Structure formats: C-alpha cells, structure tokens
Amino acid sequence: MSELQDLYQEVILDHNRTPRNFGSLEGPHREADGHNPLCGDRLRVFLRVTGDQIEALRFVGSGCAISKASASLMTDALKGRSTAEALRLVETFTAMITSAPDTPVPDGIGKLAALAGVREFPVRVKCATLAWHTFKAALDASSEAAGEVTTE
Amino acid sequence: MADTELHPTPSLDVEGLRADFPILARPVHGKRLVYLDNAATTQKPVQVLEAIDRYYRESNANIHRSAHWLAEQATRLYEDARIDVARFLNAREAAEIVFTRGCTESINLVAHGFASERLGPGDEIVVSWLEHHSNIVPWQLACQRSGATLRVVPIDDRGDIVLEELAAAIGERTRLVAISAMSNALGTITPLDEVIRLAHARDVPVLVDAAQAAPHLPLDVQALDCDFLAFSAHKMYGPTGIGALYAKRSLLEALPPYQGGGEMIASVTFERTTYAEIPHRFEAGTPNIAGVVGFGAAVRYLSAIDRDALAAHEDALVAYATERLDAIPGLRIVGRARRKAAVVSFVSELAHPHDIGTILDRDGVAIRTGHHCAQPIMDRYGIPATARASFGLYNGRDDVDALADGLAGVARIFG
C-alpha cells in the first residue's frame, strides 16, 4: 500500500479535485493540445508571454488524477517565470520523473516533489509528463497556429 | 445463452482448468494474480505451451517443400491444425481456412481484395458503431483506395445495434457488411442471424469479426451462413501472431492474392506467375508454423470443454460482477446490452479508469483501462475511457470478489 500512498499523496489528490488555473484564457495567447492516446487523456494548455515573462498559464482537459494534478502543479510552478527559467524547470522536472525511484529529488522544485511517487509506476510517467510536453509545444507555437503533442 | 437456460448445465471445473495455466500461479505484487484482461489476450494452457515446445524439439522443418521426414511431419502438423480450426468453426472444408497473423490481418486481407476488385466510387461498406479499430480502419483504407463510402450503423444507449438502422443502411450499392460478433469494449453480443439475414436478402456478403466471440460463443459458419469470419488464436488461449480467416470457397477463390512470395505460387517465370490453389494462395512466405501448431492445440483445448457449461459459467460471472459493481456508490457500468458476454466495462465518479487500473494492479487484479481500440464507442457515450474487466474460463466468483474489494480501495483513496 505504501507505493500507492506515495503516488496518491494528499497534494496530488487535492490538485486533482480542485485543479488550479483551470479554464481557458481570454485575449491574445498561445495554446497547444496534448493527447495521450493510450488512456484518452486530453489537455489544452494556454499561455500568454509578455516580453520574456510567462504572464498567464492555464489549462483545460480531462484525464487521470496524475495528469490533472501534474498540469495543475505545473501551472502554479511556471506562472510568472521567465521563459528561460520555465524551460529549465521543464528539464529538471522531466529528468526527475524519468529517474530511478531511489534517486534523490532535486532541491528547489517545491510541491512538484509530490509527483516523485510516479517513478514507481513506469506506465504512469506519460501521464505526469503530458502537461509539460504540451507547455513546451504551446511556447513554441505562434499565436496563430496551435501546436499539438502526443505521448505516442 | 438462451439454450442453456432451458437445460440443466453441467458445472465447469474452474479449479481444474486453472491448474492448466502455469502463469496463474505467479504472484503479482505479492498477491494472487487475478487476471481479468482476457478480452485483450488470454493466458495459455500448458497443452498449448507443450505443443509449441514439442514442435520445435521434435518436428521443426519448413512445410510443403522438402521430401525429408521432418518436413513431412511439420507439414502434417500444420495441415492438421487447419482441419482442427475448420472443425471448430464447422467449415465445410479445411481449404476454406487461411492462416494469417491474426484477426486484423484476416480483415485486411479481405479489405485489400475488395478494394482492388469489388469496390468503386459510390459503393458502400457497412460497419457498426461497435467495431474495434481493426474492423474500421481496413475499410477506411479500402474506401480511400477505391472511392467507396463507409456507412456506420448506430447503437442505442444500452449498446445494442439498432437493427432498423442496419436494414436501412443496406442498399443497392452495399458491397459488404462487416460486423463484430461481440464487442470488446461493451460485451454486446450482436444478433448475427438477423444481420446476415438482412444482408443476404439483398445479396450482400457479411464478414464477421469473431475475435472476441471465439473463446465465448459457439461459432458455426454453416449455420450462420456468414461469408467471411476472422479471428485470432491469442484471444482463445492460443499463441500471439497467428489467426485465421474463414471464407466460403467461392468467395475465397474470387479474392486476388494478398501478398506475393513463396508458398503461394504454382509456377513462376519472369513473364507469368500462376498462383497456388486456396488456401495456400493467401499464405505467402514461410508461415508461423509453431504458431499454427499452438493454435491447433488451443482449438482442441477449447473444443474439449463443454461449451454450454462454459457459456453458462461466464454468463453467471457477468451477472455476479454486474450485481457487485452496481452496489458500489459512484460506479456506473457502461453497456447493458440485451445479450452480453464476458465483459463488464465501467466508469467511476471518484476516479479515472487509469487510476483505478493502477490501484487494482497493486492488489494483483489485472484489468484494462483506456478506449479499448474502440474510440467511436467512447465518443458515443461521451467518455474518454473505461475500466474493463473481462473474463475467461479460469475466472471464478473469487476473482469478481477481488475486483469488487479492490474497487473499495479506490474509494478509500479517492472518496
């Protein structure tokens, strides 16, 4: 039961129940769709970049608790950062989530550490990374054309 | 099955059958393995494993060519399995059985032949909303190549095909009805007799996707009078990578070759090649001989079991699972067809199917979660995915209890 408790920590369950920054974004923005065909998870990430700063970051979609909580935690973690900082955190998070289960969790990732339990469940890693890949696609997208990513 | 309700049925010796499946003795996460993903693939009995092992140890050779003793042995094993499969389906003759890589390839073989010789712009192929992607995509490809159109017969909220819509969909330009005998996502048993009667009344041939039905329902191609029937060994206790296409002799003879190569020819010159007779014309290259041997063993294994008792046992499991799952707050069973077999698909207000699958797995309970390669069905119910428990001949009420108890664990985490 303990690995399940590591996976479904209170932070995860809370962000799954009441996702932060949930909803679309009005006004000029970039967006991208993320799709995990294996389990049917679908996310759309919206962001507005002003100068070099991620001024707004929101998401909509449906999916499992891990994908939803990860998207919610991501929006909290990346909002307000510079794009360079955000991309660095995407790298740090992706490296953490794909590392061996007993690898120490990197410092300074705050609440994102709650997702480390996913490492014990290799088939669920894609659930946790979907929002992050989608964020990168949205950042790469021009304001006209929406990007799309899939885990497959 | 309706018949079994009228007669007292002998009970199935589930414990005895379980002992035939070595993998079921393997603990998962320290728990007894409760394998409820049989609609994806079934486990293999020792009879099948030993047949494959024995083939490689004692009879391995290439078939239909060399004059030596081993080649004769291998050819006989291969062709005997064809006879076993023909008997299993009650085909008129073994020549009506083509070995393929599986149900998907069987359907592609027919779709390929139709696209190149029987379909043109304005022609129509009719499928149902219940189809697995393997009985949708080959027809889409055939339509793209030929200019034909795919027509889809809807299902109702219970998950039953709307027969009036089927009757209306079959018209002057319909060239084939391709329909599943049993839905992998919902468990719906389709009324094949009526479907085939409606199609034949308009001289339209019918292809039956029997991938799911083969391990659960008796299949008699002569009684059904279906024109094509496709299925896979691995969903009926046989090995992966092997399956069969049944086709009536006249239709099989009219189909163009699917792949070219060795085995499928009568003579070859650079100017002209003549093809082998059916069924070899459709078996290009050295086939999966060991797979066919295992397939034959699986067919014999299943045929030795009282099919009425098996159907009654699996029906009772579906009924019991339905009762237990209906009693769980927030849980909703998707698909309540009039006739169902071996599948219970469900969603929960508390948790996404994927989370349910992970939690059950830690209890040793293996179910499938996702769209089950039937995305149109998920769209029909407005859901992205379901959790699906599917039963096989080694499952018992204890497995249903493990499922229901595991679902209580989902409520403990997500409630």
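View 1. The model is a predicted one. Here the axes of helix α4 (residues 69-89) and helix α11 (residues 289-303) of chain B come within 8 Å and cross at roughly 40°. On the α4(B) side, look for A74(B), L77(B), Y78(B), D80(B), A81(B), D84(B), V85(B) and F88(B). The α11(B) side brings I289(B), V292(B), V293(B), F295(B), G296(B), V299(B), R300(B) and S303(B). Sorted by class, this helix contact has 11 nonpolar, two polar and three charged residues.

**View 2. Helix α3 (residues 46-59) of chain B also meets α11(B).** The two axes come within 8 Å and cross at roughly 150°, and α3(B) passes α11(B) in a right-handed crossing. From α3(B) you get Q47(B), V48(B), A51(B), I52(B), Y55(B) and Y56(B). Facing them in α11(B) are A290(B), V293(B), G294(B), A297(B), A298(B) and Y301(B). The class tally for this contact is 10 nonpolar, two polar and no charged residues.

**View 3. Seven strands of chain B make an open, mixed sheet.** Going across, the order is β2-β8-β7-β6-β5-β3-β4. At the edges are β2 (97-100) and β4 (149-153) of chain B, each pairing on one side only. From one strand to the next, the twist averages 20°. Zoom in on β2(B) and strand β8 (residues 243-247) of chain B: four bridges hold this antiparallel pair, with F99(B) opposite A244(B) in β8(B). The helix from View 1 shows up here too, as α4(B) lies across β2, β7 (228-232) and β8 of chain B and runs at about 115° to β2(B).

**View 4. A second open sheet in chain B has four strands and antiparallel pairing.** Its order is β11-β12-β15-β14, and the edge strands β11 (331-334) and β14 of chain B each pair on one side only. Neighbouring strands are turned by 30° against each other on average, direction ignored. Four bridges join β11(B) and strand β12 (residues 343-348) of chain B in the antiparallel sense, and V334(B) stands opposite S345(B) in β12(B).

**View 5. Two helices of chain B pack on that four-stranded sheet.** Helix α12 (residues 307-326) of chain B touches β11, β12 and β15 (386-390) of chain B, and its direction makes about 10° with that of β12(B). Helix α13(B) touches β12, β14 and β15 of chain B, and its direction makes about 160° with that of β14(B).

**View 6. Chain B is split into domain 1 (2-30 + 306-414) and domain 2 (49-303).** Taken over C-alpha atoms, the centres of the two domains of chain B are 28 Å apart. Their contact draws 23 residues from domain 1 and 19 residues from domain 2. On the domain 1 side, α12, β12 and α14 (375-381) of chain B each supply at least two residues. By class, that side of domain 1 has 11 nonpolar, four polar and eight charged residues.

**View 7. Chain B meets chain A through 14 residues of its own and 13 residues of chain A.** On the chain B side, α13 (353-361) and β14 (368-370) each supply at least two residues. The largest share, four residues, comes from α13(B). That side of chain B divides into six nonpolar, six polar and two charged residues.

**View 8. Over in chain A, strands β2 (residues 41-50) and β3 (residues 53-62) run antiparallel, joined by nine bridges.** One pairing to pick out is V45(A), whose bridge partner in β3(A) is F59(A). The hairpin of β2(A) and β3(A) has two residues between the strands, and G51(A) takes a positive phi near 60° there.

Definitions and conventions:
Residues are numbered from 1 along each chain as its sequence is written. Chains are lettered from A and ligands numbered from 1 in the order in which they are written. This is a predicted model: local features need pLDDT of at least 70, side-chain atom pairs count only at pLDDT 80 or more; totals for chains, interfaces and linings use all residues. Two residues are in contact if their C-beta atoms, placed from the backbone, lie within 7 Å. Ala, Val, Leu, Ile, Met, Phe, Trp, Tyr, Cys and Pro count as nonpolar, Asp, Glu, Lys and Arg as charged, and the others, Gly among them, as polar. Two strands pair if DSSP finds at least two bridges between them. Axes are lines fitted to C-alpha atoms, for helices over the stretch in contact, and angles run from 0 to 180 degrees between N-to-C directions. Domain bounds come from an automatic or database domain assignment. A crossing is left-handed if the near helix is turned anticlockwise from the far one by less than a right angle, and right-handed if clockwise.
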